[in-house]
Amino acid sequence: MDKILHILCSCLNSFVITAILFQFMNSRYKKIFKRNIYILIETIIVLCIVFINSINNSLLNLAVWFGAVGITVYFIYYEDKDKTLRRILECEALMFCMTVCESLGVILLRWILQAVNVSDINATMLHCLEATFPTIIIIFFYYMIISRLMKKSTVPYSRVQYIIYFIMLGYSFINMLVIIEIFAQGQINYLCTINMGCIVLADLYLLYFVKMADEKNYYENQVKVLEQQANIQYEYYLTQVKKYDKTVQILHDVKKHIKAIEDLYTADQGGTASDYANKIRDLLKPLIPVQYTENPILNILLTDKETIMKDKGISVEIKIDNVSLDFVEPIDVTTIFGNLLDNAIEAAEKAEGNKYVNIKIGSRHQMIIISIENSCDIVKWKNDFPISRKGKGRGIGLLNVRSSIDKYDGSLKLKQDNKKFVAELFLNS
């Protein structure tokens, strides 16, 4: 039975390290073969390492590990800009870190045993402890530190994710201490060894699933962001179609209008002709974007929003310095200004008293500074972020804005002073 336990502990340790290595490689590199090939290779590596462990040669064990890692990442993974040496060095560095963690885990375990005055532990039970305890250290070290430092995706780590990790870490350590207490009198308890194996496997897969769940939520939010951007673009498309139709109607009758004005002047009705021309000018004015900047998309957007604000009885002031926004993609222009101005218009419309929106765009030290100030009622905040009152699935506009701003190494600051709300943006030009 003791020999079987030694083999099982070796299998568990090798399986966990191999699983972490392949998770790391799968997240950073592209696969050459189908999924079944990778499962077969993982199995072969585990069996080889278990066989090498049975020889009890630490140097040979390390050599086989590092060799297997280098060969695996070289032959069955690739990158678009293939950097073979960097790929191998990254994986070897991870292997080195896990080896150090394993050694430190054994040292920490022995220190704990010494601290609680435990010395009379059965040799087989001690071997199981020295196999499982460092493996738990490796698992948490990878998920809490390595996967964050070397992750290739842009998925952030949430606070909830870290809280769950620390709860699981504490739970695992408490369980291990309870097991150490059971072993303290030199007892042989095979159920405890099974429990230790279950703790290791539970930690490995629960931490993995927590990470996957967090990434799933993040990508679902990203999909909502893209949908919101698409809706904004579509709304502006519809607006421009309506303007186009109205322009066509006016142009269709332009000859009649010109003839009517000429007849009025011929009949010495200059005042009436002037009034007629002014009415035509007023009809055309909303269809011609004001040249606020050299960015045509922003000109159209500001012209539209100014018209909407005036129709709603909101006073508007627009001050724009001689700045260039050519580096900002059109979809980001509509996302940033469309969402922020929609929020400002909605808040100003509901505000009591003076309803206004002030827009300022300037530059300083190669930074574009955008300020949108509006009147508002009391705003509720959570984590320095205004809480949307639009209900479930809504209010994702500011997430869209931040996503677009991040492309330009920018930042967004939101603040409220009494009945004044200010959104300040900084974009790196």
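**View 1. The largest cavity and its lining in the predicted model.** The structure holds one cavity of 30 Å³ or more, and about 50 Å³ of space lies in the largest cavity. Its lining is made up of Thr-18, Leu-21, Phe-22, Met-25, Ile-45, Trp-65, Ala-68, Val-69 and Thr-72. Helix 1 (2-28) and helix 3 (58-75) are the elements that give two or more residues to this lining.

**View 2. Asn-56, a residue with positive phi that is not a glycine.** Asn-56 sits in the loop between helix 2 (35-53) and helix 3, and its backbone there has a positive phi of about 60 degrees. Is the residue at this place buried or exposed? Asn-56 has a relative accessible area of 70% and therefore counts as exposed, given that exposed means over 50%.

**View 3. Asp-409, with a positive phi although it is not a glycine.** The loop shown in this view lies between helix 12 (397-406) and strand 6 (411-417), and Asp-409 is found in it. The phi of Asp-409 is positive, at about 50 degrees. With a relative accessibility of 60%, Asp-409 counts as exposed, because the cut-off for that class is over 50% relative accessible area.

Key. Residues numbered from 1 in each chain as written. Predicted model: local features only at pLDDT ≥ 70, side-chain atom pairs only at ≥ 80, totals over all residues. Heavy atoms only, no water. 1 Å grid on protein atoms, 1.4 Å probe; cavity = no way out; pocket = protein on both sides within 12 Å on 5 of 7 lines; lining within 4 Å. Points joined across faces, edges and corners; volume = space filled by probe spheres on them. Helix = DSSP H or I, 4+ residues; strand = E, 2+ residues; numbered from the N terminus. Buried < 20%, exposed > 50% of the residue type's maximum accessible area, 1.4 Å probe, protein only.
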